[in-house]
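The sequence and coordinates are displayed below.

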Amino acid sequence: MSNAVDSVWYGRSPLKYFLLPFSLIFLAAASLRRLLYRLGIIRVRKSEVPVVVIGNISVGGSGKTPLVVYLAERLRERGIRAGVVSRGYRADPGPAPLMVDDSTPPSKCGDEPYLIYHRLHAPVSVFPDRPRAVDALIGKADVILSDDGMQHYSMGRAAEIAVIDASRSFGNGFVLPAGPLREPASRLRSVSAAVINGDGFSGDLPDGIPVFHMRVEPSCFRRVKDGAKADLRPGRVTALAAIGNPGRFYRTMSEKGFELARTISLPDHTPLTAQLISELETDPSLPLVMTEKDAVKCRGFAGDSWYYLQIDAVLDGDLAGFIMKITGLKAPQGGAEEKK
């Protein structure tokens, strides 16, 4: 996200008022579209397997992918098989849903689906048409987690979990393009629960909505080239991030005692290539540290001193149990062993 956009959405730039007429048009179109689905004029395609949307109402990273991984792991511990569907930003799945496997390159399926599959080794289906992506997982999962997709109303869902970045909240409160919201904050009245990622949330939530608190904590450093754990000690490094909120990654590195000699911020989902990174003129004498989402795109050409910081979601409260309750999922007798 550029500094200019950031100043409009999260700062005091008066430009937001000039963009308000366009936001009103966007809001009217989004509201009409949702109404057509609610009235049944446009069909919602339901699934025989419960679908749980892990989404947000704002643009940019909020922690959805770490939460998807966390929930799939917690459900697996209870014997529930979770599959994942994703649009796969800039993915090229072809004419039918793509089932991610060990041979699928990230350029084919997208950054997040690749990361999710390699963290979970669970069924992951990628396709722009979310209902078709869901259909590809029938028989392979007891519950389907949708990584993003709150605004994909054609996809029926049993529950919606809205993830909110505490540090950014709802920005200036306006919808696109004057603000960062895809839908007004009032949309949260209809979600099943909200997950606030981080500390310092200053926004208002609807009364009665269940709220869970999440932290995204660093787990360990790994080498980009092979994923092996690495003993990277605090010191001077170059930090690279092509994610929605790179500032959070840089703060985490600083809190772990690293001196960021240079930070390289690229737009979210930027395709990373050996040529691009060489053009960035990184100092070869310093370790290059990046996010896990960026590392999956660099594994084939990574240098020996390239590392990524693995992060894991930590939640206060039993969100997995909450989801099981509201969707009617039951753990099998005998637990996870019976499902193997």
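## Residue S154

S154 is buried, its relative accessible area being 16%; buried denotes under 20% relative accessible area, exposed over 50%, and partly exposed in between (1.4 Å probe, protein chains only). The residue belongs to the loop that links β5 and β6 (159-165). Helices (H or I, at least four residues) and strands (E, at least two) are DSSP runs numbered from the N terminus. When neighbours within four places in sequence are set aside, S154 is in contact with Y37, R43, V44, R45 and P131, where contact means heavy atoms within 4.5 Å.

## Basis of the values

This is a predicted model, in which local features need pLDDT of at least 70 and side-chain atom pairs count only at pLDDT 80 or more, while totals for chains, interfaces and linings use all residues. Residues are numbered from 1 along each chain as its sequence is written, and side-chain values use heavy atoms, with hydrogens and water left out.

Strand β2 (residues 82-86) is largely enclosed by the rest of the structure, because five of its five residues are buried. Both of its faces are covered: A82, V84 and S86 are buried on one side, and G83 and V85 are buried on the other.

Two strands pair if DSSP finds at least two bridges between them. With strand β5 (residues 143-147), β2 pairs in the parallel sense over four bridges; here V85 has S146 of β5 as its bridge partner. With strand β4 (residues 124-126), β2 also pairs in the parallel sense, over three bridges, and V84 has V124 of β4 as its bridge partner.

## A nonpolar surface patch

L32, L35, L39, I41 and I42 form a nonpolar surface patch of about 470 Å². Patches consist of residues with over 30% relative accessible area and no salt bridge, like charges being joined within 9 Å and nonpolar side chains (Val, Leu, Ile, Met, Phe, Trp, Tyr) within 5 Å. A salt bridge is a side-chain nitrogen of Lys or Arg within 4 Å of a carboxyl oxygen of Asp or Glu. One of the patch members, L39, is located in the loop between α2 (15-38) and β1 (51-55) and counts as exposed at 57% relative accessibility.

G208 occupies the loop between β7 (193-197) and β8 (211-223) and is exposed, with a relative accessible area of 77%. Its C-alpha atom is 9.5 Å from that of A193, a residue 15 positions away along the chain.

R76 is placed in helix α3 (residues 64-77) and counts as partly exposed at 39% relative accessibility. Between R76 and L120 the C-alpha to C-alpha distance is 9.8 Å, with a sequence separation of 44 residues.

## Overall architecture

The protein contains 11 helices and 13 strands. Its radius of gyration of 20 Å is close to the 20 Å that the globule rule gives for 340 residues, so the protein is as compact as a globular protein of that length. The radius is taken over C-alpha atoms, and the rule is 2.2 Å times the number of residues to the power 0.38. Along the principal axes, the C-alpha atoms fill a box of roughly 60 × 60 × 40 Å.

Of the 340 residues, 49% count as buried. Among contacts between residues at least 6 apart in sequence, 73% join residues at least 24 apart. The accessible surface comes to about 15,900 Å², with 52% of it belonging to carbon and sulfur atoms; accessible areas come from the Shrake-Rupley method with a 1.4 Å probe, and for residues only the protein chains shown count as cover.
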